[in-house]
Amino acid sequence: MIASLTSTKRRVPLALKLAYTAYVAVLIPVYWHYYGPTNFLYFCDLALIITLIGIWPENALLISKCCVGILVPQFVWLADFGSNLAGVKLTGMTDYMFDPGHSLFLRLLSLFHGWLPLLLIYLVFKTGYDRRALPSWTALAWIVLPICFFLMPPPNAHAGLTPVNINYVFGTSDFAAQTLVPAYVWFVGLLIGLPLLVFLPTHAVLARVAPTAPAPKLAKAL
């Protein structure tokens, strides 16, 4: 495993912090206006905001937990987007990016799904990987997923811009719920499967290849 980072100097360029902040400052009010506040329950949007909070103090835990939570699904987004560009259907996840009926401005803002995982990898190598990221993001997911399942709208083919089936708690389609298993079985499968099959492998890779984040000051004192 790569040695831990010990430097306390600023590791992330100020220009990058300013550019990222400016982007998020535009995206949040625009998304709030068009999609409503529930849109920020999506893991990708949560990671966007958490990264904003973490990038200024270069907080390794906040950056690391976002890596654990979204690197895999966002790389799937990138693969699907690339296949769509090539004229090949893959998962359908990014079909909306090529729909002329959707606002071009909103689609351009949504490109963060493609560059955010790359930015997070850069940031985690700058700040170091904090191993508390796995339980931290898992706990967040276990709070958000029940909210999405019990309180948010299910799939709806006529929902328009209203967020439905947030974080795929009813299946992989926003137009109709999955019917392979009872809804609660699918939901419990997410609660168990995401940490085991998505978060844990990402954590294992990052813990092996990324520098280790410096220990928190409190831990050093103890």
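1. Glu58 and Arg11 form a salt bridge, their closest N and O atoms lying 3.4 Å apart; the term denotes a side-chain nitrogen of Lys or Arg within 4 Å of a carboxyl oxygen of Asp or Glu. Glu58 belongs to the loop between helix H2 (43–55) and helix H3 (60–85) and Arg11 to the segment before helix H1 (14–35), so the pair ties together parts that are 47 residues apart in sequence. Helices here are DSSP runs of H or I, at least four residues, numbered from the N terminus. Glu58 is buried, at a relative accessible area of 7% (buried means under 20%, exposed over 50%, partly exposed in between, with a 1.4 Å probe and protein chains only).

2. The model is predicted: local features need pLDDT of at least 70 and side-chain atom pairs pLDDT 80 or more, whereas totals for chains, interfaces and linings use all residues. Residues are numbered from 1 along each chain as its sequence is written, and side-chain values use heavy atoms, with hydrogens and water left out.

3. A salt bridge also links Asp95 to Lys89, with 3.2 Å between the closest N and O atoms. Asp95 is partly exposed, with a relative accessible area of 30%, while Lys89 is exposed at 60%.

4. Arg132 and Asp130 pair through their side chains in a salt bridge of 2.6 Å, N to O. Asp130 is buried, at 8% relative accessibility, and Arg132 is partly exposed, at 42%.

5. The structure holds four salt bridges.

Key: Helix = DSSP H or I, 4+ residues; strand = E, 2+ residues; numbered from the N terminus.
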